[in-house]
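Visitor: I am new to this structure and would like a close look at one part of it. Please take me through it step by step.

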Amino acid sequence: MNRERWSEMAESFSAIASQPAFGETLCSRCRDLLSVSGAAISLLTATNVAALCASGDHYAALEEAQFTLGEGPSREAFLTGQPVLEDQLSSAAPIRWPALAGLVRDARVEGIFAFPLQIGAVRTGVLTLYQKEQAAWSQAQHADALIAADALTHVILSIQAKAPPGALAEALRDVGSYRAEVHQASGMLSAQADISVSEALVRLRSLAYVSERLISDLALAVIARRLRLELLGPNTRCTD
C-alpha cells in the first residue's frame, strides 16, 4: 500500500470530519479524490444500518435500497469482507440484483464498486463508488479505492472511539446525511407496539419495500405522526 497516498487521504478525511465545510461531506471528498461520479458511505452492525452520507439523491436511494431489499454490491461487500465490482451494471443488475434493476435504470449508473470498511476481522461499514459512464475499472482506481477505504476506516474508528457506547459520534453525524430520523422513528414505533427498536426497524424497512418508498420518507411520516405501527400489517398502507 502506498503510505504517502494513505496519509494524504487520511488527512483529507480527518479535516472534513473535524471541520465540515459547507456542502462537503466524506462522500463528496471520496468522489473527488477517486474521480468517480458518486460515492456513498454506510456504517453497519449486525442489526442496523446508518447511511452516513451520499454525494447525490440517486446514490442515496441506491444505497438505502440495497439494505432495505437485502441485495446489492454494498451489502455483499459488508457480508463477505471483499470488494464487489461491477462495471456493466445496467446489464448485470437484472440478473445479479433484480430488485435493484429499476433504481439502476433511473439513476443511469453503469458502474458500482463496493469496498468494506474493515480492520482485520472488524467490519464497520461500506464505501460504495458509482460511475455514470460504462468504463473498465482500472488497477490504479482499484488501488486508490482500497487505500481510501482503509484510511476511512481508521478515521471513523478514531472518531467513534470517543463516543458513548451504543451512540454514533456527533462528529460523524455532522459530516453527512446521517439518517437520525430513521432511528428516532424506530424508537417511536418501538414504544407504540411494545417491541424492540431492532424489530421496529425491521418492520419499517419491510414497509419501505412493499410501498416502494424511501425508508427516510416513512421515518419522517412516523415522526410527524402520520404513520403508526398498526398500519404495518398484512394490509400495509400509509396515511400521509
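Visitor: Does Glu76 count as buried, partly exposed or exposed, and what is its relative accessibility?

Guide: A word first: this is a predicted model. Glu76 counts as partly exposed, because its relative accessibility is 29%, and the cut-off for buried is under 20%. Now look at its partner. Glu76 forms a salt bridge with Arg96. The closest N and O atoms of the two are 3.9 Å apart. Glu76 lies in helix 4, residues 73-80. Arg96 lies in helix 5, residues 89-96. The pair therefore ties together parts that are 20 residues apart in sequence. Arg96 is partly exposed as well, at 38% relative accessibility.

That bridge belongs to a wider set. A search of the whole structure finds 5 salt bridges. Go to helix 1, residues 3-18. Here the side chains of Glu8 and Arg5 meet in a salt bridge, at 2.8 Å from N to O. Both residues lie in helix 1, 3 residues apart, which is about one turn of the helix. Glu8 is partly exposed at 41% relative accessibility, whereas Arg5 is buried at 17%. Asp144 joins them: Arg5, Glu8 and Asp144 are linked in a network of salt bridges.

Another of the salt bridges joins Arg31 and Asp32. Their closest N and O atoms are 3.0 Å apart. Arg31 counts as partly exposed, at 24% relative accessibility. Asp32 counts as partly exposed too, at 46%.

Next, the cysteines. The count comes to 1 disulfide. A disulfide is a covalent bond between the sulfur atoms of two cysteines. In this model, Cys27 is joined to Cys53, with 2.2 Å from S to S. The link of Cys27 and Cys53 is right-handed, with 85 degrees about the S-S bond. Cys27 sits in helix 2, residues 26-34, and Cys53 in strand 2, residues 49-54. The pair links distant parts of the chain, 26 residues apart. Cys27 is buried, at 0% relative accessibility. Cys53 is buried too, with a relative accessible area of 3%. Cys30 is in no disulfide. The nearest cysteine sulfur to Cys30 is that of Cys27, 6.3 Å away. Cys30 is buried, at 0% relative accessible area.

Move on to strand 1, residues 38-44. Strand 1 is mostly covered, with 7 of its 7 residues buried. In a regular strand the side chains alternate between the two faces of the sheet. Both faces of strand 1 are covered. One side holds Gly38, Ala40, Ser42 and Leu44, and the other holds Ala39, Ile41 and Leu43. Strand 1 pairs with strand 5, residues 122-131, in the antiparallel sense over 6 bridges. Gly38 stands opposite Tyr130 in strand 5.

Gly56 is found in the loop between strand 2 and helix 3. Gly56 counts as partly exposed, at 23% relative accessibility. The C-alpha atoms of Gly56 and Ser37 are separated by 9.5 Å, and the two residues are 19 residues apart along the chain.

Last stop: Ala148, in helix 7, residues 139-160. Ala148 is buried, at 1% relative accessibility. Ala148 and Ala10 are 138 residues apart in sequence but 7.8 Å apart in space, C-alpha to C-alpha. Leaving aside neighbours within four places in sequence, Ala148 is in contact with Met9, Phe13, Leu34 and Leu127.

Terms used:
Residues are numbered from 1 along each chain as its sequence is written. This is a predicted model: local features need pLDDT of at least 70, side-chain atom pairs count only at pLDDT 80 or more; totals for chains, interfaces and linings use all residues. Side-chain values use heavy atoms; hydrogens and water are left out. A disulfide is a pair of cysteine sulfur atoms within 2.5 Å. Helices (H or I, at least four residues) and strands (E, at least two) are DSSP runs, numbered from the N terminus. Buried means under 20% relative accessible area, exposed over 50%, partly exposed in between (1.4 Å probe, protein chains only). Two strands pair if DSSP finds at least two bridges between them. Contact means heavy atoms within 4.5 Å. A salt bridge is a side-chain nitrogen of Lys or Arg within 4 Å of a carboxyl oxygen of Asp or Glu.
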